[in-house]
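Hi,

Here is the structure I promised to pass on.

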Amino acid sequence: MDILCVCGNGIGTSVLLKVNVEQAAADLGMDVNVTTSDAGSAKGTANMNDLVLTSNELAPELEGTTTPVETVSNFMDLDEVKGILQKYAE
Amino acid sequence: MADFKAFLPDSSFALDVSVEDWKDAIKQAGDRLVASGFTTDAYTDQMIETVEKMGPYIVIAPGLALAHSRPSDAVLGTGLSWVRLKTPVNFGNKANDPVSLVIGLAGRDEQEHLQVMSAIAGSLTNKEKTAKLAEAQTSEAIRAILEG
């Protein structure tokens with residue numbers, strides 16, 4: 001599945017989240033393709049993905065997108081990330 | 001393996017410093033980036049503006065803020081700073097306040113710092129390493145934990 005990680009600038013927190021999503025997916029044996037984006041351009045690219053991950057603060061920026069948006073409160077908690085991914089694992 | 005000495009030199013560290021508030025905490029992280037030659041003072045202001053504009057989303061885990069802004073002329077090179085606070089301060093992030101560690105990040109582009117971010121993520125998701133990082137007394141010791 002294609003996952004988009006969104007942060008304010010697309011360079012810091014989203015990159016860190018991408019690293020941990022890839023790790024969590026590997027642990028779960030899921031095949032994922034993770035990309036990153038800033039909140040401003042995320043609306044345009046969100047529809048090309050199966051899932052969008054972002055923080056609680058930035059989720060409102062993504063309102064209106066048809067792709068499911070999930071928020072992560074602790075980007076460093078692999079268990080939290082795994083819990084979200086499992087909901088979408090087929 | 002990422003070259004931590006290049007991305008996180010001794011000049012990037014401030015351990016157990018006292019700060020007044022979250023702005024002061026980010027300023028300290030910015031000052032360390034400037035001291036290491038990664039940014040100009042303008043980047044420090046941009047990091048504070050990022051939080052003012054978009055909220056305290058940079059507090060990405062309990063006690064941890066990743067201070068950063070977008071790539072700009074104020075970024076001279078890719079690198080990090082590491083500011084450990086003597087007394088934690090609130091950033092206004094309900095889930096993850098108070099903050100005791102501010103990592104400043106200056107990135108020229110995503111690829112350049114992906115390697116070092118990966119290594120840092122590997123350490124910060126590890127509870128044992130996180131505890132060691134909070135106790136480490138020197139920059140050398142912190143780099144050793146991150147590299148290990």
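**The sheet in chain A**

Chain A holds an open sheet of 4 strands in the order 2-1-3-4, with parallel pairing. At the edges you'll find strand 2 (33-38) and strand 4 (69-71) of chain A, each with a single partner strand, so one side of each has no neighbour in the sheet. From one strand to the next, the twist averages 25°. Before you go further, keep in mind that this is a predicted model.

To see one of the pairings up close, find strand 1 (residues 2-7) and strand 3 (residues 51-54) of chain A, which run in the parallel sense and share 3 bridges. A:Leu4 is a handy place to start, as it stands opposite A:Val52 in strand 3 of chain A. Then look for helix 1 of chain A, which lies across strand 1, strand 2 and strand 3 of that chain. The angle between this helix and strand 1 of chain A is about 150°.

**Chain A as a whole**

Now zoom out. Chain A has 3 helices and 4 strands, and if you read along the sequence you get the pattern β-α-β-α-β-β-α. The radius of gyration of chain A is 12 Å, close to the 12 Å that the globule rule gives for 90 residues, so chain A is as compact as a globular protein of that length. Its C-alpha trace spans about 30 × 25 × 15 Å along the principal axes.

How many of the 90 residues of chain A count as buried? The figure is 46%. As for contacts in chain A with a separation of 6 or more, 54% of them come from residues 24 or more positions apart.

**Where the two chains meet**

On the chain B side, 26 residues are in contact with 21 residues of chain A. Four elements of chain B each supply at least two residues of the side that touches chain A: helix 3 (41-54), strand 2 (59-61), strand 3 (64-68) and helix 4 (110-124). Which of them gives the most? That is helix 4 of chain B, with 6 residues. Sorted by type, the residues on this side of chain B are 16 nonpolar, 8 polar and 2 charged.

**The core**

The largest nonpolar core has 71 residues, and B:Leu64, B:Ala67 and B:Val102 touch the most other members. Helix 1 (residues 13-28) of chain A gives the most to this core, with 7 residues.

Most residues other than glycine have a negative phi, and most peptide bonds are trans.

- The peptide bond from B:Asp97 to B:Pro98 is cis, with omega near -10°. You'll find B:Pro98 in the loop between strand 4 (79-89) and strand 5 (99-106) of chain B.
- B:Asp16 is not a glycine, yet it has a positive phi of about 55°. This residue sits in strand 1 (residues 13-17) of chain B. Is B:Asp16 buried or exposed? It has 11 C-beta neighbours inside 10 Å, and a residue with 12 or fewer is called exposed, so B:Asp16 counts as exposed.

Terms used: Residues are numbered from 1 along each chain as its sequence is written. Chains are lettered from A and ligands numbered from 1 in the order in which they are written. This is a predicted model: local features need pLDDT of at least 70, side-chain atom pairs count only at pLDDT 80 or more; totals for chains, interfaces and linings use all residues. The radius of gyration is taken over C-alpha atoms; the globule rule is 2.2 Å times the number of residues to the power 0.38. A residue is buried if 20 or more other C-beta atoms lie within 10 Å of its own, exposed if 12 or fewer, and partly exposed in between; C-beta atoms are placed from the backbone. Two residues are in contact if their C-beta atoms, placed from the backbone, lie within 7 Å. Ala, Val, Leu, Ile, Met, Phe, Trp, Tyr, Cys and Pro count as nonpolar, Asp, Glu, Lys and Arg as charged, and the others, Gly among them, as polar. A nonpolar core is a set of buried Ala, Val, Leu, Ile, Met, Phe, Trp, Tyr and Cys residues joined through C-beta atoms within 7 Å. Two strands pair if DSSP finds at least two bridges between them. Axes are lines fitted to C-alpha atoms, for helices over the stretch in contact, and angles run from 0 to 180 degrees between N-to-C directions.
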